[in-house]
Amino acid sequence: MAGFGDDFEKIVKGAFAPIYPVIAKQIVDKCKITRGNCIDVGCGSGPLSIMLAKITDLDIYALDVSTKAIWLLKDKIETEGLSKRIKPMLNDAESMPFDDGFADLIVSRGSMFFWNDQAKAFKEIYRVLK
């Protein structure tokens, strides 16, 4: 997320906080994927990644273009004891550093509006999704 700022983090910790456990549960209930590799595209400071890690055995690769967001995520996963399960990565949706068919699950909570080239990003998502 380009321009990730303090105001957004306040929203994540405040008004949006109750929604992440619900979204994570809905993803698991609908997709039935609880093991393997998951990519959280445009993860921000990682609330969805953290919730998914808490209710699954997924290895989560949390991608964002914001250095600040990745820094905040690293701090959170250390605090939560999830540093072996969530791997923060400074990267964009248009050129993911994964092999074809790498991911069992790819999630994103609203980041597509921040992608520079949505068509290219979705082609990349299809490329890395099993």
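**Close-up views of a predicted model**

**View 1. Ser49 is buried, with a relative accessible area of 0%.** Buried means under 20% relative accessible area, exposed over 50%, and partly exposed in between (1.4 Å probe, protein chains only). The model is predicted: local features need pLDDT of at least 70, side-chain atom pairs count only at pLDDT 80 or more, and totals for chains, interfaces and linings use all residues. Residues are numbered from 1 along each chain as its sequence is written, and side-chain values use heavy atoms, with hydrogens and water left out. Ser49 sits in helix α3. Which residues does Ser49 contact, leaving aside its neighbours within four places in sequence? They are Asp40, Cys43, Ile60, Ala62 and Ile86. Contact means heavy atoms within 4.5 Å.

**View 2. The whole chain has five helices and four strands.** Helices (H or I, at least four residues) and strands (E, at least two) are DSSP runs, numbered from the N terminus. Along the sequence the pattern reads α-α-β-α-β-α-β-β-α. Of the 130 residues in the chain, 44% are buried. Take the contacts with a separation of 6 or more: 69% of them join residues 24 or more positions apart. The accessible surface comes to about 7000 Å², and 56% of it belongs to carbon and sulfur atoms. These areas come from the Shrake-Rupley method with a 1.4 Å probe; for residues, only the protein chains shown count as cover.

**View 3. Strand β2 pairs with β1 and is joined to β3.** Two strands pair if DSSP finds at least two bridges between them. Strand β2 spans residues 57–64, and six of its eight residues are buried. With β1 (residues 35–41), β2 pairs in the parallel sense over seven bridges. Here Gly36 has Leu58 in β2 as its bridge partner. Five bridges join β2 to β3 (residues 86–90), and these two strands also run parallel. Here Ile60 has Ile86 in β3 as its bridge partner.

**View 4. Helix α3 lies between β1 and β2 in a right-handed β-α-β unit.** Helix α3 covers residues 47–55. A crossover is right-handed if, with the strands pointing away from the viewer, the path from the first strand over the helix to the second runs clockwise.

**View 5. Lys32 is exposed, with a relative accessible area of 64%.** Lys32 is found in the loop between α2 (19–31) and β1. Its phi is near 60 degrees, a positive value in a residue other than glycine.
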